[in-house]
Amino acid sequence: MVNATLNEGVLLRLEVEDFLYYEADLLDDHRYEEWLDLFTDDTRYWMPMRRNIPTKGEEPELTAERGEISWFNDDKATLEKRVKMIRTGAHWADEPLSRVSHVVGNVRLLDTPAPGEVRVKCRFVFYRNRHMDEESLFIGKRIDTLRRVDGRWKIARREIYLDQSVLLHKNLTSFF
């Protein structure tokens with residue numbers, strides 16, 4: 001029985017890793033409409049801002065999801081609008097489209113908050129080259145809640161935690 005449970009856990013992790021790698025490929029290939037299909041209709045795509053606080057500070061390091069500013073706090077409709085804006089060809093912040101690479105690693109299954117759901121933590125490196133000489137490097141962690149919908153994994157929630165507190169980039173038009 002222990003081996004069966006262990007095998008199921010290993011197979012689930014491999015399935016989740018494959019899903020995350022597939023998602024990275026869609027983003028790298030600018031296949032945003034297919035990428036959007038990986039999200040549930042009730043999704044939340046959230047990236048708080050990070051503060052520099054003293055070690056024993058009372059203030060939390062990350063901004064709150066509600067009531068404070070975040071880099072992203074999007075639902076699916078907002079993600080769809082962002083993709084449509086990029087697709088106009090008039091989106092100055094990413095025209096022509098940047099060359100990008102998403103690298104995902106350190107994938108760990110955290111828990112199963114509900115039947116058919118799994119929470120996953122991973123690390124990412126995101127490289128972007130824009131025009132001839134602009135480069136951006138983003139490094140961080142993600143916690144995703146994946147949900148099975150019609151036999152397929154979909155992202156019900158994405159929390160993105162950049163390891164930077166100050167972004168030294170001209171824009172933040174990319175997806176993580």
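# A guided tour, starting from the largest cavity

About 60 Å³ of space lies in the largest cavity, a cavity being a set of points on a 1 Å grid over the protein atoms alone where a 1.4 Å probe fits but cannot get out, and its volume being the space filled by probe spheres set on points that are joined across faces, edges and corners. This is a predicted model, in which local features need pLDDT of at least 70 and side-chain atom pairs count only at pLDDT 80 or more, while totals for chains, interfaces and linings use all residues. Residues are numbered from 1 along each chain as its sequence is written, and side-chain values use heavy atoms, with hydrogens and water left out.

To find the cavity, select Y32, V100, F126, S174 and F175, which lie nearest its centre among the ten residues that line it, where a lining residue has an atom within 4 Å of a point. A search of the whole structure gives two cavities of 30 Å³ or more.

**The whole chain**

Now colour by secondary structure: the protein chain has three helices and six strands, where helices (H or I, at least four residues) and strands (E, at least two) are DSSP runs numbered from the N terminus. Along the sequence they follow the pattern α-α-β-β-α-β-β-β-β. Of the 176 residues in the protein chain, 44% are buried, where buried means under 20% relative accessible area, exposed over 50% and partly exposed in between, with a 1.4 Å probe and protein chains only.

**The aromatic cluster**

Select Y32, W35, F39, Y45, F72, F124, F126, F138, F175 and F176 next, which together form one aromatic cluster. Rings of Phe, Tyr and Trp (its six-membered ring) pair if their centres lie within 6.5 Å, and planes under 30 degrees apart count as stacked, over 60 as edge-to-face and the rest as tilted; by this rule the count comes to twelve aromatic pairs. Among them, F72 and F176 have ring centres 6.3 Å apart and planes at 55°, so this pair is tilted. It links distant parts of the chain, since F72 is in strand 2 (residues 70–74) and F176 in the segment after strand 6 (152–162), 104 residues apart. F72 counts as buried at 6% relative accessibility, and F176 counts as buried at 1%.

F126 belongs to strand 4 (residues 117–130), 50 residues apart from F176, and F126 is buried at 0% relative accessibility.

**Salt bridges**

A salt bridge is a side-chain nitrogen of Lys or Arg within 4 Å of a carboxyl oxygen of Asp or Glu, and by this rule the count comes to 19 salt bridges. Select D37 and K154, whose closest N and O atoms are 3.5 Å apart; D37 is in the loop between helix 2 and strand 1 (39–48), and K154 is in strand 6, 117 residues apart. D37 counts as partly exposed at 36% relative accessibility, whereas K154 counts as buried at 12%.

Move on to D41 and K76, a salt bridge with its closest N and O atoms 3.6 Å apart. D41 lies in strand 1 and K76 in helix 3 (residues 76–87), so the pair ties together parts that are 35 residues apart in sequence. Here D41 is exposed, with a relative accessible area of 70%, while K76 is buried at 10%.

Then select E23, R142, D144 and R158, which are linked in a network of salt bridges.

**A nonpolar patch on the surface**

Turn to the surface and select V103, V125, Y127, L137 and I139, a nonpolar patch with about 380 Å² of accessible area together. Such a patch is made of residues with over 30% relative accessible area and no salt bridge, its nonpolar side chains (Val, Leu, Ile, Met, Phe, Trp, Tyr) being joined within 5 Å, and accessible areas come from the Shrake-Rupley method with a 1.4 Å probe. Strand 4 and strand 5 each supply at least two residues of the patch; L137, in strand 5, counts as partly exposed at 43% relative accessibility.

**Two loop residues**

Finish with two backbone angles. H30, in the loop between helix 1 (2–28) and helix 2 (32–36), has a phi near 60°, a positive value in a residue other than glycine, and H30 is buried at 16% relative accessibility. D150, in the loop between strand 5 (134–149) and strand 6, has a positive phi of about 50° although it is not a glycine, and D150 is exposed at 79%.

Technical notes
Patches are made of residues with over 30% relative accessible area and no salt bridge: like charges are joined within 9 Å, nonpolar side chains (Val, Leu, Ile, Met, Phe, Trp, Tyr) within 5 Å. On a 1 Å grid over the protein atoms alone, a cavity is a set of points where a 1.4 Å probe fits but cannot get out, and a pocket is an open set with protein on both sides within 12 Å along at least five of seven lines; lining residues have an atom within 4 Å of a point.
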